[in-house]
Amino acid sequence: MDDRGNQGELVRLFANDQNRIACDPEMQREIERNMNAELVTFNVLLLMDSSDVWEPTTLLLNRDGYLVKSNHSDVVRIEEEYLDLHIKVPYGLSAQFVLTCSDETSHPFNTNNDVRMRDTLVLTMRKFKAGYMGSARMLRDNPRAPTNRSLPSLRKGNR
């Protein structure tokens, strides 16, 4: 029911007409390079406090988590593992995406009007998350398995 009391069927719109993000061979190679790297960085803009102010930030990714750091002050805005991460891509041709963190806060990002970079970043994060979730399942099923949680290394190597 909407704010005027009208009721109807729920309509869901999906980005890219409910199709997967298409990868050309060059983008696929870039994602594979990202997956083999210890640390991947993307320069993005973070929407601050529901205003029209976009702060330049660096999004750092590794196998176990991600960190968003201000480019102006090195203040860490977000630091999380992939466990409860949700990535949403808005409908339409947009260079934006939204990360919803474990505390259920949503953070809109913009890739400076570069849709290709947005797609590469989103697909890389989803692959890192899938690998992280696979590791978490392995640890759950075998608690004695060795672990290599390296999220703190995001902070150490990039101050």
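Colleague: Which residue stands opposite valine 98 in S7?
Modeller: Valine 98 has proline 108 of S7 opposite it. This is a predicted model, in which local features need pLDDT of at least 70, side-chain atom pairs count only at pLDDT 80 or more, and totals for chains, interfaces and linings use all residues. Residues are numbered from 1 along each chain as its sequence is written, and side-chain values use heavy atoms, with hydrogens and water left out.

Colleague: How many bridges join S6 and S7?
Modeller: S6 and strand S7 (residues 106-110) pair over five bridges in the antiparallel sense. Two strands pair if DSSP finds at least two bridges between them; strands (E, at least two residues) and helices (H or I, at least four) are DSSP runs, numbered from the N terminus.

Colleague: And what lies between S6 and S7?
Modeller: Five residues separate them in a hairpin, and glutamate 104 in the turn has a positive phi of about 70°.

Colleague: Turning to H1, which of its residues are buried?
Modeller: Met27, Ile31, Asn34 and Met35 are the buried residues of H1; buried means under 20% relative accessible area, and exposed over 50%, with a 1.4 Å probe and protein chains only.

Colleague: Why are they on the same side of H1?
Modeller: They are on the same side because they cover an arc of only 100° around the axis, the arc being that of the directions from the helix axis to the C-beta atoms.

Colleague: What is exposed on the other side of H1?
Modeller: Pro25, Arg33 and Asn36 are exposed there.
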